[in-house]
Amino acid sequence: MAKKKYKDLWSFNDKTPNGMRIFVDLKSSGKLKITLSKQLGKGLFERDELFIPENNIAVLRDTLNTVFPPSQPMAATPAAKTYTLDDIRKQHGQSAYTPWTDADDADLKKLHGEGYSIEQLAAHFKRGEGAIRSRLKKFGL
C-alpha cells in the first residue's frame, strides 16, 4: 500500500536544546503531524511521530495550555541542583561519583555472582543503588 502524500498547509521546525529536531506540520488532510527526529549517523535518523486528527487539535491545544499555562512559561534550562557532591558523598560514601577501578569492577562481578543484593553492593562499595545497577547493566549482569 502506497503512502498518501499530503501537501502541508503550514510547517514549522526547530532544533531542540538536546540536538533533536522537532517538526510540526498541518497536512491538507486536516491532521496535525508532530515529529521528533534524532540523527543517529550519516543519513540515519530515529523518528517519533504523532498524528492528531483535525477534530482533536483544539483539544490538544487546550490540554497543553492547561498543563503549561502561557503565563508560566516552561524553563528552557533545567532547574539548578539542590544538592552538592559533598551531600551525595555524605549519604552514600566517599566513593560516590569517583571512577570505578578494575579491582572494583572485578569485586562487583564476583559479589553479584555470589548473590549479593543491590542494597548490599551499594553499602559495600559506598555508592548509590543507581550506580550499582548502572555498572551491572554495563557488564550485562
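1. Arg-135 is buried, with a relative accessible area of 15%. The model is a predicted one. Arg-135 forms a salt bridge with Asp-105, and the closest N and O atoms are 2.8 Å apart. Asp-105 lies in helix α3 and Arg-135 in helix α5, so the pair ties together parts that are 30 residues apart in sequence. Asp-105 counts as buried too, at 9% relative accessibility. Both values fall under the 20% cut-off for burial. On the pairing itself, side chains of opposite charge can pair when their charged atoms come close.

2. Next, the helix that carries Arg-135. Helix α5 spans residues 129-138, and its buried residues are Ile-132, Arg-135 and Leu-136. Down the axis of α5, these buried residues fall within an arc of 100 degrees, so they line one face of the helix. Lys-137 and Lys-138 are exposed on the other side of α5. The cover over the buried residues of α5 includes α3 (102-113) and α4 (118-125).

3. Which residues make up the largest nonpolar core? The eight are Trp-100, Leu-108, Leu-111, Leu-121, Ala-122, Phe-125, Ile-132 and Leu-136. Helices α3, α4 and α5 each supply at least two residues of this core. The most comes from α4, with three residues. Two of the core residues, Ile-132 and Leu-136, are also among the buried residues of α5.

4. Leu-121 deserves a look within that core. Leaving aside residues up to four places away in sequence, Leu-121 touches Leu-108, Leu-111, His-112, Tyr-116, Ile-132 and Leu-136. Among these contacts, Leu-108, Leu-111, Ile-132 and Leu-136 are core members.

5. Arg-133 pairs with Glu-129, with 3.9 Å between the closest N and O atoms. The cut-off for a salt bridge is 4 Å, so this pair is counted. Arg-133 and Glu-129 are four residues apart in helix α5, and so about one helical turn separates them. Arg-133 counts as partly exposed, at 47% relative accessibility. Glu-129 is also partly exposed, at 33%. By contrast, Asp-105 is buried, as is Arg-135.

6. A further pair is formed by neighbours in sequence numbering. Arg-61 forms a salt bridge with Asp-62, the closest N and O atoms being 3.0 Å apart. Arg-61 is partly exposed, with a relative accessible area of 47%. Asp-62 is partly exposed as well, at 39%. The whole structure holds five salt bridges.

7. What follows α5? Gly-140 does, with a positive phi near 70 degrees. Leu-141 sits in the segment after α5. Leu-141 counts as partly exposed, at 48% relative accessibility. Setting aside residues up to four places away in sequence, Leu-141 touches Lys-109, His-112 and Leu-136. The C-alpha atoms of Leu-141 and Gly-113 are separated by 8.9 Å, with the two residues 28 apart along the chain. His-112 and Leu-136 are touched by Leu-141 and by Leu-121.

8. Now the strands. Strand β3 (residues 32-41) and strand β4 (residues 44-52) pair in the antiparallel sense, over nine bridges. Leu-32 has Ile-52 in β4 as its bridge partner. Two residues lie between the strands of this hairpin, and Gly-43 takes a positive phi near 75 degrees. A general point applies when reading side chains here: in a regular strand they alternate between the two faces of the sheet.

9. Overall layout. The protein chain has five helices and four strands. The order from the N terminus is β-β-β-β-α-α-α-α-α. How much of the protein chain counts as buried? Of its 141 residues, 20% do. The accessible surface comes to about 11100 Å², and 55% of that belongs to carbon and sulfur atoms. Among contacts between residues at least 6 apart in sequence, 23% join residues at least 24 apart.

Key: Residues numbered from 1 in each chain as written. Predicted model: local features only at pLDDT ≥ 70, side-chain atom pairs only at ≥ 80, totals over all residues. Heavy atoms only, no water. Buried < 20%, exposed > 50% of the residue type's maximum accessible area, 1.4 Å probe, protein only. Contact = heavy atoms within 4.5 Å. Areas by Shrake-Rupley, 256 points an atom, 1.4 Å probe, with all protein chains shown as cover. Arc of directions from axis to C-beta. Pairing = 2+ DSSP bridges. Core = buried A, V, L, I, M, F, W, Y, C linked by side-chain atoms within 4.5 Å. Salt bridge = Lys/Arg side-chain N within 4 Å of Asp/Glu carboxyl O.
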